[in-house]
Amino acid sequence: MMTRSLWRFSALAVLLLGIACGPIRKKQVVEEFPLDEAEPDLPIGKYGEIAALSPVFFDYDSVSLSEAARDTLAENAKWLVGHSSVTILIEGHCDERGTTAYNLALSDRRAKTTRGYLIRLGIRGKRIQTLPYGEEKPFCAEATEECWRQNRQAHFKGQIPKPPGKKEKEQKKR
């Protein structure tokens with residue numbers, strides 16, 4: 001009889017301890033991609049939209065690249081390989097949920113994860129700069145799940161060097 005009471009008491013204690021401690025959360029696995037060199041220090045204002053580069057989207061509160069994001073980055077890398085003079089800016093974005101500081105840090109990690117994956121695909125790190133925006137530059141302003149999904153992204157801009165002008169060509173000839 002005493003053992004049955006002891007088991008009941010133990011089971012109740014474990015149950016109460018579990019409730020008091022809260023749910024056990026799975027730790028998010030974040031992949032680290034190699035960085036071959038430091039980011040370039042290029043003027044941010046010189047970047048513009050490049051239609052050939054598609055954004056990659058993230059799940060809520062995540063920096064992990066989905067299969068769809070990896071496929072998009074592979075296509076972006078193919079384009080970048082064929083346009084080796086282009087430097088890019090990866091802007092990290094978040095939805096409006098969370099604190100400003102947290103979202104700024106999360107958007108920085110998203111941009112750097114994206115940069116690291118492009119480096120892994122063979123794009124030189126000195127061609128890729130990152131800029132976190134957090135929730136400050138939303139692509140969609142509605143408070144809906146679809147809108148928040150659009151705002152959780154790494155967005156690409158590029159800088160295409162101008163071909164040398166007439167003066168530069170003449171100076172090279174001398």
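1. Asp-61 lies in the loop between β1 and α2 (67-82). In this predicted model, Asp-61 has a positive phi of about 55°, although it is not a glycine. Most residues other than glycine have a negative phi. With a relative accessibility of 31%, Asp-61 counts as partly exposed, because that class covers the range between the 20% limit for buried and the 50% limit for exposed.

2. The overall organisation may be set out next. The protein chain contains five helices and four strands, and these follow the pattern α-β-α-β-α-β-α-β-α along the sequence. Of the 174 residues in the protein chain, 34% are buried. Among contacts in the protein chain with a separation of 6 or more, 82% are accounted for by residues 24 or more positions apart.

3. The four strands form an open sheet with mixed pairing, in the order β1-β4-β2-β3. The edges are taken by β1 and β3, each with a single partner strand, so one side of each is left without a neighbour in the sheet. Strands of a sheet pair through backbone hydrogen bonds, in either a parallel or an antiparallel sense.

4. Which strands run antiparallel to β4, and how many bridges join them to it? Strand β1 (residues 56-57) is antiparallel to β4 and is joined to it by two bridges; Val-56 stands opposite Ala-154 in this pairing. Strand β2 (residues 87-93) also runs antiparallel to β4, with six bridges between them. In that pairing Leu-89 stands opposite Lys-157, and Ile-88 has Gly-158 as its bridge partner.

5. Is strand β4 buried or exposed? Seven of the seven residues of β4 (residues 153-159) are buried, so the strand is largely enclosed by the rest of the structure. In a regular strand the side chains alternate between the two faces of the sheet. Both faces of β4 are covered: one side carries Gln-153, His-155, Lys-157 and Gln-159, the other Ala-154, Phe-156 and Gly-158, and all of these are buried.

6. His-93 belongs to strand β2. Its relative accessibility is 1%, so His-93 counts as buried. The side chains of His-93 and Glu-91 are joined by a polar contact of 3.3 Å. Leaving aside neighbours within four places in sequence, His-93 is in contact with Ser-107, Arg-110, Tyr-133, Gly-134, Lys-137, Phe-139, Asn-151, Arg-152, Gln-153 and His-155.

7. Helix α3 (residues 100-120) comprises 21 residues and reaches 30 Å from its first C-alpha to its last, close to the 30 Å expected at 1.5 Å a residue. An α-helix has 3.6 residues a turn, so residues three or four places apart point the same way. After α3 comes Gly-122, which has a positive phi near 105°.

8. Where does Arg-127 lie? Arg-127 is in the loop between α3 and β3. The relative accessible area of Arg-127 is 11%, so this residue is buried. Its side chain reaches the backbone oxygen of Ser-84 at 3.5 Å. Not counting residues up to four places away in sequence, Arg-127 touches Leu-80, His-83, Ser-84, Val-86, Thr-87 and Ile-88.

9. Ile-128 is placed in strand β3. Its relative accessible area is 0%, so Ile-128 is buried. The C-alpha atoms of Ile-128 and Leu-118 are separated by 8.8 Å, with the two residues ten apart along the chain.

10. How many aromatic pairs are counted? The count comes to zero, where a pair requires ring centres within 6.5 Å. A ring does, however, take part in a contact with a charged residue: Arg-149 lies over the face of Phe-57, at 5.0 Å from the ring centre.

Key
Residues numbered from 1 in each chain as written. Predicted model: local features only at pLDDT ≥ 70, side-chain atom pairs only at ≥ 80, totals over all residues. Heavy atoms only, no water. Buried < 20%, exposed > 50% of the residue type's maximum accessible area, 1.4 Å probe, protein only. Pairing = 2+ DSSP bridges. Phe/Tyr/Trp six-rings, centres within 6.5 Å; stacked < 30°, edge-to-face > 60°. Lys NZ or Arg CZ within 6 Å of the ring centre and 35° of its normal. Polar contact = N/O pair within 3.5 Å; in protein donor to acceptor, adjacent residues only side chain to side chain. Contact = heavy atoms within 4.5 Å. Expected span 1.5 Å × (residues − 1).
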